[in-house]
Amino acid sequence: MSLKKIQQVKKDRGFKIADLIVYGAILLLVAATFLAVFIPRDNSPLAGVRACVGSKVLFEYDFEKGEYSSFSADVTVSGGEVLSVRIEVNGGYNVLEINKSKRTAKIVEADCRGKDCVHTPAISDNSGIIYCSPHGLKIVPFGLKEDNTVII
Amino acid sequence: MKKSAVIFASLIMSSAALCGCSPAREYSQMSEEYLYVMNAAAELTVYDYFEVNGVEDKVRTAKFQRTADEINIMLRGLDSALSTSYEGSDISRFNAAAAGEKVQIGEDAYNVLSIAKTVCELTEGYYNPAVYYSVQAFGFNGGTPPGSPAELPAEEEISKYVELSGHFTDLSLSREGDKFYARKPDFTVECNGEQISLKVDIGGIGKGYAADKADRILTENGYEYARFNFSSSSVVFKKYPNDGGMFTLGLKNPRPEMENGVYAGPAQYINIPVCDSCVSSSGDYENYYELADENGSVRYCHVFDPFTGKPIESGIMSATVIGGSAAENDAITTAIMAMGAQKAEEFISAQLQNRQVVFTLNTGNGYKYYTNIAEGGYELVNQSFSRL
């Protein structure tokens with residue numbers, strides 16, 4: 001190697017500014033890809049909700065169609081703009097309120113112990129869930145992704 | 001050379017980040033809710049290939065149904081053996097027997113009473129299922145809750161119950177061939193004009209025992225990816241099909257902040273990764289009432305201190321034990337809540353080295369949590385809790 005070449009290599013910095021920009025962009029891309037894949041929360045507008053006991057669906061409301069379907073004789077629906085859905089389940093009851101214009105679903109009344117379900121905030125996007133543990137009743141958005149969390 | 005190395009490293013990092021956490025297998029999920037058993041709802045969730053290319057695998061579905069039915073039958077059998085409200089149950093017949101009488105019981109009642117005696121000794125009496133009369137007198141488990149402090153049971157009455165429950169360790173169990181027996185302690189106390197003998201309430205252990213049996217049924221049926229949640233009191237975690245097999249166990253904040261009648265913030269105060277473990281939890285928020293006196297509102301919960309015969313006043317709000325048997329854990333969490341923080345820490349250090357334990361404490365000035373899980377083994381979700 002010529003002396004000139006050796007001196008040029010010695011003077012050369014480890015990373016030039018342009019290199020750093022490229023590397024930075026790659027790292028940002030990696031980070032963005034990671035976050036896009038692993039942030040599970042889905043904040044898109046609530047498409048609809050289901051009331052289930054285990055894998056059995058008792059009731060569902062579709063906000064897109066503005067329609068509900070009841071699959072159990074133990075479900076009573078009343079109201080207009082705000083639907084009141086009374087669900088008799090496992091020896092007790094829960095009242096689910098569907099607000100059509102606000103696109104929310106909330107349990108407003110129940111006879112369970114502790115009333116965790118009543119105190120749980122309304123579902124307003126596709127990531128929320130309301131669980132009444134004593135009655136085994138779940139209110140879940142249509143697009144809810146599988147979750148590995150169990151709260152006891 | 002340097003550029004290509006950096007780009008190569010970036011691609012490796014990206015691939016590792018994506019592949020390392022991606023689902024190992026694509027499962028469809030199936031779950032079934034059971035009817036009330038022991039006044040609680042139980043949920044079984046099994047992960048399996050129930051659907052392939054949109055077509056149901058009927059063999060797997062039928063196998064799941066058989067397993068669910070087996071668990072359902074087991075739960076109902078336990079309910080009719082262990083219930084204190086069903087007159088024909090083993091435990092009710094034992095409770096109705098005279099002092100000193102030998103009663104034939106079923107294998108499950110025998111096993112549960114054996115575990116109860118073992119944990120009673122292990123916890124030096126802080127778990128004691130013979131608090132039956134106190135529990136009833138304070139209005140839990142079928143009793144009528146008092147409407148005011150004046151309606152609370154008298155100290156003299158409670159002291160009789162404590163004297164009686166102190167003889168729980170005299171209960172003897174025996175097995176003759178395939179028959180099981182429990183002999184009641186030959187001891188009575190006079191209370192409100194009548195002689196009463198020892199009675200037990202094994203609600204604090206029954207759900208855990210049921211969870212242990214469900215765990216065995218799942219294993220016998222070859223289910224590696226599953227969970228069984230018995231009323232959020234005892235949970236069996238097998239493996240989760242993604243996330244490296246780990247479930248996230250969130251422990252409920254015992255004093256959740258409220259805004260306009262709904263919880264503000266996450267429901268849990270701590271997250272713990274778990275798999276292949278049985279978990280049991282107790283909390284003073286599960287079943288309680290409050291009565292106002294001159295010092296303000298007093299909380300009376302369903303967890304009792306066997307040495308006072310009254311609802312606990314230890315400041316411990318909740319306790320959770322992970323690992324080992326759910327039945328033992330069920331009883332141990334009850335004992336920890338009665339012990340108080342200092343005694344509980346000593347007990348956990350001495351006796352529970354192989355289990356993960358968490359409890360929360362209301363110090364009067366704030367909320368603290370204790371755990372023997374090392375830093376990094378859990379995630380504190382609610383920063384208003386500080387470590388003891």
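Which residues have the most contacts inside the largest nonpolar core?

Modeller: This is a predicted model, and the predictor gives the complex an ipTM of 0.87 and a pTM of 0.83. For chain B the mean pLDDT is 91, with 92% of its residues at 70 or more. One stretch calls for caution: over residues 16–24 of chain B the pLDDT is below 50, and beyond near neighbours in sequence this stretch has 9 contacts in the model.

The largest nonpolar core has 98 residues. Those with the most contacts inside it are B:Val112, B:Ala116, B:Ala211, B:Phe228, B:Val235, B:Ala335 and B:Ile336. The element that gives the most to this core is helix H8 of chain B, residues 326–339, with 9 residues. A second, separate core of 24 residues includes A:Val85, A:Leu96, A:Ile123 and A:Val140.

Leaving aside neighbours within four places in sequence, B:Val112 is in contact with B:Leu82, B:Ile202, B:Ile205, B:Gly206 and B:Tyr209.

The next element to consider is helix H7 of chain B, which covers residues 203–220. This helix has 18 residues and reaches 26 Å from its first C-alpha to its last, close to the 26 Å expected at 1.5 Å a residue. Of the 18 residues of H7(B), 14 are buried, so the helix is largely enclosed by the rest of the structure. A residue counts as buried here if 20 or more other C-beta atoms lie within 10 Å of its own. An α-helix has 3.6 residues a turn, so residues three or four places apart point the same way. Just after H7(B), B:Gly222 takes a positive phi of about 80°.

In general, the strands of a sheet pair through backbone hydrogen bonds, either parallel or antiparallel.

Strand E7 of chain B, residues 179–183, is joined to E6(B) by 5 bridges, and 4 bridges join E5(B) to E7(B). B:Tyr181 in E7(B) stands opposite B:Ser174, and B:Gln104 also stands opposite B:Tyr181. B:Ala182, likewise in E7(B), is the bridge partner of B:Leu173. The hairpin of E6(B) and E7(B) has 2 residues between the strands, and in it B:Gly177 takes a positive phi near 65°.

B:Gly147 is found in the loop between helix H5 (132–137) and helix H6 (155–165) of chain B. With 10 other C-beta atoms within 10 Å, B:Gly147 is exposed, because the limit for an exposed residue is 12 or fewer. B:Gly147 and B:Tyr289 are 142 residues apart along the chain, and their C-alpha atoms are separated by 9.5 Å.

B:Asn362 lies in strand E22 of chain B, residues 356–362. This residue is partly exposed, with 16 other C-beta atoms within 10 Å. Leaving aside neighbours within four places in sequence, B:Asn362 is in contact with B:Gly315, B:Met317 and B:Tyr367. The C-alpha atoms of B:Asn362 and B:Ala62, 300 residues apart along the chain, are separated by 48 Å.

Buried residues make up 26% of the 152 residues in chain A. Among contacts in chain A between residues at least 6 apart in sequence, 35% join residues at least 24 apart.

Key:
Residues numbered from 1 in each chain as written. Chains lettered and ligands numbered in written order. Predicted model: local features only at pLDDT ≥ 70, side-chain atom pairs only at ≥ 80, totals over all residues. pLDDT = per-residue confidence, 0-100. Contact = placed C-beta atoms within 7 Å. Expected span 1.5 Å × (residues − 1). Core = buried A, V, L, I, M, F, W, Y, C linked by C-beta atoms within 7 Å. Pairing = 2+ DSSP bridges.
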